[in-house]
Amino acid sequence: MTESQRPSGEYPTYPSYGNGDAAYPPPPSYQPAQQVGTGPGTTMWPAPGAADGHTGGSGHGGGDGLHGPGLPQPAPEPPASRRRARRPVALLAAVAIAAAVVGGGTATVIGQLTDQGTNSTGSGIIPGTTVSQSSKGTVSGVAAALSPTIVEINATSTAGKSTGSGVIITSDGEIVTNNHVVAGSSPVKVTLSTGKTYTAEVVGTDPDKDLALIKLQGASGLKTATLGDSSKVAVGDQVVAIGSPEGLTGTVTSGIVSALDRDVTVAKEGDSGQGQGGQGGGQQWPFEFGGQQFNGDTGDSTTTYKALQTDASLNPGNSGGALINMNGEIIGINSAMYSASSSGSSNSSGAGSVGLGFAIPVNTLKADLGTLRAGNSS
């Protein structure tokens, strides 16, 4: 047996565990010092004198607890505290992830609401071709972007042939125009800005609003116009008109909005001499305003609507074409113009725009699209 070099009795012996000898080294004869809480956020360890079960008072050399060897000392931060310190970081990360998920869901909901708003009628904008940022606000930029969305319409009815314009609103060939351009017509031929020609069928008409919807046969992948918000139009706003006056496809003119809410009266039917005329044609573009008739006789069946007035040059053939703001949004469908030639003249060579043109507000069109697509005629 190995001989111990410690003085006898320095440490008590303990029961043996497996080898019959006293356990070595034995545990201390006193409990390890415990933390003493002195207040929130502060941990103090007992003074050295507490090792024998006494506190650092006036006895046992511990001082008075405020000075000398009995003064409590700050304890090192235990590992558990460091683990707790990392928890707020993990919590913040979890909150950030949750916020991202919630934020993504919110964005999705907002996007859905926005999509619903843009596809609705009324003041919501129906998206389509837009003007590039570098060209926005310029007539050339608007013309370059929107000309592919404007078509020439040639219609044949019992009253003869007429030429008008239209606006593409769907990529598969839905086109809006004036009722008086296609009323009673068959067939209807449509020419795109590229020169390609289609046959179209009349889907629906609304003579009370002088609007009509036609559909190209076998068309796809067409550029569509953006239908804007005519409630935001103000007098003095710069505008661009695109159409096919006298059969001259894709003619661009510009001007301003001269007035709002003009009561304009036009013929409902296509047999009252309101044909737009072709190249060298002889028919005028009759309408009534302020109780007077202009450019011919509107006939007995008429309708009146609130119109935007513009000084952008409009001529026979612009009817059904687009009045466009400088963002490239359609704000009106051109429908009537005043010609300085005598109202009863059959010679269109003397006809021409004098800066009095009228357009159906685009919000009227958007509110009527459901009716037109259903094939209803009033």
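Which residues in H4 are buried? Select H4 and you'll find Val 362, Asn 363, Leu 365, Lys 366, Asp 368, Leu 369 and Leu 372 on that list; buried means under 20% relative accessible area with a 1.4 Å probe, counting protein chains only. Helices (H or I, at least four residues) and strands (E, at least two) are DSSP runs, numbered from the N terminus.

A word on what you're looking at: this is a predicted model, where local features need pLDDT of at least 70 and side-chain atom pairs count only at pLDDT 80 or more, while totals for chains, interfaces and linings use all residues. Residues are numbered from 1 along each chain as its sequence is written, and side-chain values use heavy atoms, leaving out hydrogens and water.

Stay on H4 for a moment. Its 12 residues reach 16 Å from first C-alpha to last, close to the 16 Å expected at 1.5 Å a residue (that is, 1.5 Å times one less than the number of residues). Step just past H4 and check Gly 375, which has a positive phi of about 80 degrees.

Next, colour the largest nonpolar core, 33 residues in total. Such a core is a set of buried Ala, Val, Leu, Ile, Met, Phe, Trp, Tyr and Cys residues joined through side-chain atoms within 4.5 Å. Leu 146, Val 167, Val 176, Leu 227, Val 264, Ile 330 and Leu 365 have the most contacts inside it. H4 (residues 362–373) gives the most to this core, with 4 residues. A second, separate core has 17 residues, including Ala 155, Val 182, Val 190 and Leu 222.

Now centre on Leu 227.

Jump to Thr 149, in the loop between helix H2 (139–146) and strand E4 (150–157). Thr 149 counts as buried because its relative accessibility is 0%. Its side chain reaches the backbone oxygen of Leu 146 at 2.7 Å. Beyond residues up to four places away, Thr 149 touches Thr 129, Gly 166, Val 167, Ile 168, Lys 223, Thr 224 and Ala 225.

Last stop: strand E12 (residues 251–267). E12 pairs antiparallel with E11 (residues 238–243) over 6 bridges, where pairing requires at least two DSSP bridges. Find Thr 253, the bridge partner of Ala 241. E12 also runs antiparallel to E15 (residues 302–310), joined by 8 bridges; there, Ala 259 partners Gln 309.

Methods: Buried means under 20% relative accessible area, exposed over 50%, partly exposed in between (1.4 Å probe, protein chains only). A polar contact is a pair of N or O atoms within 3.5 Å; within protein, one must be able to donate a hydrogen and the other to accept it, and residues adjacent in sequence count only if both atoms are side-chain atoms. Contact means heavy atoms within 4.5 Å.
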